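Please look through the sequence and the model shown below before reading on.

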Amino acid sequence: MNRKIGVLVLTGILAWTMAVSAGAADAVRLIPQSAGQVDTAQTVTDSTDVLTPLPEAEDMLLTRGELVVMLHEQAGSPVVNYAMHFTDVEQSDADAEAIRWAASEGIIQGYGDDTFGGEEAVSRQQLAVILYRYAQHEGKGFTGAWAFPLSFSDAQEVSGYAYEAMCWMTMHDILEADADNAIHPQGQVTCQEGEQIMERFFQSLSQ
């Protein structure tokens, strides 16, 4: 699947964040003008010339790798000297430097089998954990002793490793429940949802 559309959608967040930090008064597009120039209606295969519809950008799922690339760019795209242990990340991969940086800062840890799964769709609780670790990297997050239960109807579905992150993200209204008061921690995140979550996240960090 062509991930170019999803990346175009999400990269608009960086322009918004830069404008906010600079005190810009004008509204900034979250979706770049160039995204509208991409033909998402159909593509032609080389072998059969059959027209195949492509998914709309807002329906594409945000991947773990794309999320890390966004945070790496937000941090200024630093280059670090760090030996990655992920067996599924090649040095030549486009997101390798972002993953290397995030791993060196403890923002990502990967899976128990030494893989990162950069092409996998990120779940809502995985997104919460990665963003929360980035917030901690920026000096935010819980400090001292704290404890409170999540009151969502599906709170029992939140994994133990993600509980603190989900508490912080929901307390700051970065992750929101649906009309049934469900937070869907195991659910996936579309690029459109990811754009909205990232906007709220960076707004919270700037306060």
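## Y132 and its surroundings

Not counting residues up to four places away in sequence, Y132 touches G141, F142, E164, A165 and W168, where contact means heavy atoms within 4.5 Å. Y132 is situated in helix α4; helices (H or I, at least four residues) and strands (E, at least two) are DSSP runs, numbered from the N terminus. Because its relative accessible area is 4%, Y132 is buried. Buried means under 20% relative accessible area, exposed over 50%, and partly exposed in between, with a 1.4 Å probe and protein chains only.

Y132 and M166 are separated by 34 residues in sequence, while their C-alpha atoms are 8.4 Å apart in space.

## Basis of the model

The model is predicted: local features need pLDDT of at least 70, side-chain atom pairs count only at pLDDT 80 or more, and totals for chains, interfaces and linings use all residues. Residues are numbered from 1 along each chain as its sequence is written, and side-chain values use heavy atoms, with hydrogens and water left out.

## The chain as a whole

The protein chain has six helices and two strands. Along the sequence these elements follow the pattern α-β-β-α-α-α-α-α.

Of the 207 residues in the protein chain, 42% are buried. Among contacts between residues at least 6 apart in sequence, 71% join residues at least 24 apart.

## Helix α4

Helix α4 comprises the 14 residues 124-137, which should span 20 Å at 1.5 Å a residue; its end C-alpha atoms are 20 Å apart, so the model agrees with this value. The expected span of a helix is 1.5 Å times one less than its number of residues. After α4 comes G139, which has a positive phi, near 85 degrees.

How many of the residues of α4 are buried? The helix is mostly covered, with 12 of its 14 residues buried. They are R124, Q125, Q126, L127, A128, V129, I130, L131, Y132, R133, Y134 and A135. These buried residues pack against α2 (64-74), α3 (96-104), α5 (163-171) and α6 (191-206).

## The crossing of α4 and α5

The axes of α4 and α5 come within 8 Å and cross at roughly 80 degrees. Axes are lines fitted to C-alpha atoms, for helices over the stretch in contact, and angles run from 0 to 180 degrees between N-to-C directions. The two helices, α4 and α5, are therefore roughly perpendicular to each other. Angles under 35 degrees count as roughly parallel, over 145 as roughly antiparallel, 65 to 115 as roughly perpendicular and the rest as oblique. On the α4 side, the contact is made by R124, Q125, L127, A128, V129, L131, Y132, A135 and Q136, and on the α5 side by E164, A165, M166, W168 and M169. These residues divide into 10 nonpolar, two polar and two charged. Ala, Val, Leu, Ile, Met, Phe, Trp, Tyr, Cys and Pro count as nonpolar, Asp, Glu, Lys and Arg as charged, and the others, Gly among them, as polar.

In α5, the buried residues are A165, M166, C167, W168, M169 and T170. Their cover includes α4 and α6. Just after α5, D173 has a positive phi of about 60 degrees.

## The crossing of α4 and α6

How are α4 and α6 placed, roughly parallel or roughly perpendicular to each other? Their axes come within 12 Å and cross at roughly 25 degrees, and α4 and α6 are therefore roughly parallel to each other. The contact joins R124, L127, L131, Y134 and A135 of α4 to I197, M198, F201, F202 and L205 of α6. By class, the residues of this contact divide into nine nonpolar, no polar and one charged.

## Two further residues

H72 lies in helix α2 and counts as buried because its relative accessibility is 8%. Leaving aside neighbours within four places in sequence, H72 is in contact with S77, P78, E97, A98 and W101.

E120 belongs to the loop between α3 and α4. With a relative accessible area of 39%, E120 is partly exposed. E120 is in contact with L62, T63, R64 and Y111, leaving aside its neighbours within four places in sequence. E120 and L61 are 59 residues apart in sequence, and 8.9 Å separates their C-alpha atoms in space.
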